[in-house]
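Hi there,

Here is the structure I promised to pass on to you. Please open it next to this email and follow along as you read.

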Amino acid sequence: MRPHVGAPLSRRRLLSLAAVGGASALSGCALQVSTGVGGSGETVTVMVKSGEITSDDAKQAQKDLGIRIVLVKYDITKLIAMMTTGNPPDLVRGVGAIDTPYFAARELMEDLDPYFARSDVLRLDDLDPANDLWCYDGRTQGEGPRYGMAKDFSQDSMYWYNTSLFDQAGVDLPSELEPVTFEEWLESAKRLTRRRNGQTTVFGGSYNGLMKASLLACLTAAAGGNLFTDDYARVDFTTPEARKALGWYIDYCKTRVGPSPVQPDPNTWDGPTYQANRMAMSNSGYWLGGMINTDPKLAEVSRLAPAPVFEGGPRISPCQGGTGLWMPKKARNKDAAWRVFEWFFGEGPAKARASGGWGIPSLKSLRPLMPAQEDYQKRALKVQDAELSHFSVISFTPYATADAFEALFNQLAPAAMTGGMSVDTLAGRLNSAMNEQLKRGKEQVG
């Protein structure tokens, strides 16, 4: 039975959420006058990760809104406990691309459509389409009620590249606006990789996405297919499109041109390695420009490129994140929470984020604030602006978390990455393990 949005919140649905904690353990983003209500003297509890909303932000909110923000560090186990006892935070951080179907199917998210309808700060016609990652109609992501909003976003299949490393290796630079194929990208990465005494000194390219589940879903879509069945209750890595996506990623890992589960980057993420001129390409999307622009010498030799395509596949450029906030259905201070929501996404904090270059503003009206003073910033914006028309929502399953997929993938895939298992065998084993988990998830949702 497909999940339906709007049913009463039951203990069964709350208990099904407890599966998230186990999955996470496996794997070890000038003040306007609002027409919304809520305000002075109230307290709003916000659960976020470090740095997403700071204590200085909380102080500014108190000054601007007269609302006290109590910050709680994001922890899925703590969130489950707060939900189960009926005392959830008023706002919770989430990753729109992968969290929306999961929490919405369990009837834990407040439908924010009525709030958006009466807001002068967050107008529907001003929302970037990337915010549709936070919509879910019980079956299809990108349709139906709106449950949250992205604080900013990137089209995460785009990649940055270092022109000086391309020149040193004698590799032609990618086209500014026309995408390379994934096969061409991998071939360039091989030529750009540098090794000494058996150690990699320069990664030719990194292409790991934000999470393996969303990466493989997006790669499959780029090949013209869907990683999931029509009801999102099963995966099928044996379809031609999913097999092509999985095979390409395993080839990427086998060639050891970039960080992977069998060749981890000691820095744990691309930023420091790219900044040290030890990575020629990084599929980190526009947001990495926030770091790149802090080093003028690096910024001068860095370029942003369109998302690659598979030969014969559609040209798509999805967002694998869309990190933002959602409001629990049982939040106690919804009107005050919405006022904080408006302030965070449409007023001072949103303007500061837009001007910093760490992601694309999720309000179209804030795009003029994106940094464009330097030639290298203008170049990146030209590429990014052209890429926006290729955005599309890639739907995710409501029956399992991305963390759970990551854990299973990291258990099973290394054997194929080191040549000890065929991709076809891996595809079958991934189907078996992941579909068992999806089956349990569907039983929990009902």
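Predicted model: local features only at pLDDT ≥ 70, side-chain atom pairs only at ≥ 80, totals over all residues.

Residues are numbered from 1 along each chain as its sequence is written, and side-chain values use heavy atoms, leaving out hydrogens and water.

Let's begin with helix H10, residues 240-255. Helices (H or I, at least four residues) and strands (E, at least two) are DSSP runs, numbered from the N terminus. How far should the 16 residues of H10 span at 1.5 Å a residue? The expected span (1.5 Å times one less than the number of residues) is 22 Å, and the end C-alpha atoms are 22 Å apart, which agrees. After H10 comes Arg 256, with a positive phi near 55°.

Among the buried residues of H10 are Leu 246, Trp 248 and Tyr 249. Buried means under 20% relative accessible area, exposed over 50%, and partly exposed in between, using a 1.4 Å probe and protein chains only. The buried residues of H10 pack against helices including H9 (212-222) and H17 (402-412).

Now look at H9 and H17, which pack at an angle of about 85° with their axes 7 Å apart. Axes are lines fitted to C-alpha atoms, for helices over the stretch in contact, and angles run from 0 to 180 degrees between N-to-C directions. H9 and H17 are therefore roughly perpendicular to each other (angles of 65 to 115 degrees; under 35 is roughly parallel, over 145 roughly antiparallel and the rest oblique). Here Lys 212, Ala 213 and Leu 216 of H9 meet residues of H17 including Phe 405 and Phe 409, where contact means heavy atoms within 4.5 Å.

The other pair is H14 (residues 334-346) and H15 (residues 348-356), whose axes come within 4 Å and cross at roughly 25°. That makes H14 roughly parallel to H15.

Enjoy exploring!
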